[in-house]
Amino acid sequence: IEEDNKLNNQSRESEFIIPSEDLILIKEKLNNLISIELADKYGFDNDNAPTDLPTRKIKYTTINKIDSTYLYFPKDNELPDELNSFLQVIEQVLLENDTIKNQ
């Protein structure tokens, strides 16, 4: 895991082993995510879209596909279900396994 906070010039790296049951769940959610196109189009409110630092960049690479997007404080129901579900699983896995983040 790599995090880079440009606002306060802090970054960190954390490495840990993800349990196999979590990997299975991540793979399932990623397979669902592959079915849609992110392509830099989600998380933007066209009237108020920021022009500087994104809150989060999502990028994934699989054997079949590479895709990415920036998320700027998405509103409720703004993200597609596949992306929202994937993000929830990732957050849960990080909470359970990333000991540095949990300190």
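**View 1. The buried side of helix α2.** In α2, the residues L83, F86, L87, V89, V93, L94 and N97 are buried. Buried means under 20% relative accessible area, exposed means over 50%, and partly exposed lies in between (1.4 Å probe, protein chains only). An α-helix has 3.6 residues a turn, so residues three or four places apart point the same way. On the other side of α2, D81, Q88 and L95 are exposed. The cover over the buried residues of α2 includes α1, β3 and β4 (66–71).

This is a predicted model: local features need pLDDT of at least 70, side-chain atom pairs count only at pLDDT 80 or more, and totals for chains, interfaces and linings use all residues. Residues are numbered from 1 along each chain as its sequence is written, and side-chain values use heavy atoms, with hydrogens and water left out.

**View 2. The length of α2.** This helix has 17 residues. From first C-alpha to last, α2 reaches 24 Å, close to the 24 Å expected at 1.5 Å a residue. The expected span is 1.5 Å times one less than the number of residues.

**View 3. The largest nonpolar core.** A nonpolar core is a set of buried Ala, Val, Leu, Ile, Met, Phe, Trp, Tyr and Cys residues joined through side-chain atoms within 4.5 Å. The largest one here has 14 residues. Which members touch the most others? They are L33, L38, L71, L83 and L87. Two or more residues come from each of α1 (20–34), β3 (56–61) and α2 (81–97). The most come from α2, which gives five. Now look at L33, leaving aside its neighbours within four places in sequence: L33 is in contact with L38, Y60, E82, L83 and F86. Contact means heavy atoms within 4.5 Å.

**View 4. An exposed strand residue, D4.** D4 lies in strand β1 (residues 2–5). Is D4 buried or exposed? It counts as exposed, because its relative accessibility is 51%. Beyond its neighbours within four places in sequence, D4 is in contact with Q10 and S11. D4 and R56 are 52 residues apart in sequence and 9.7 Å apart in space, C-alpha to C-alpha.

**View 5. The whole chain.** The protein has two helices and four strands. From the N terminus, they run β-β-α-β-β-α. Helices (H or I, at least four residues) and strands (E, at least two) are DSSP runs, numbered from the N terminus. Of the 103 residues, 27% are buried.
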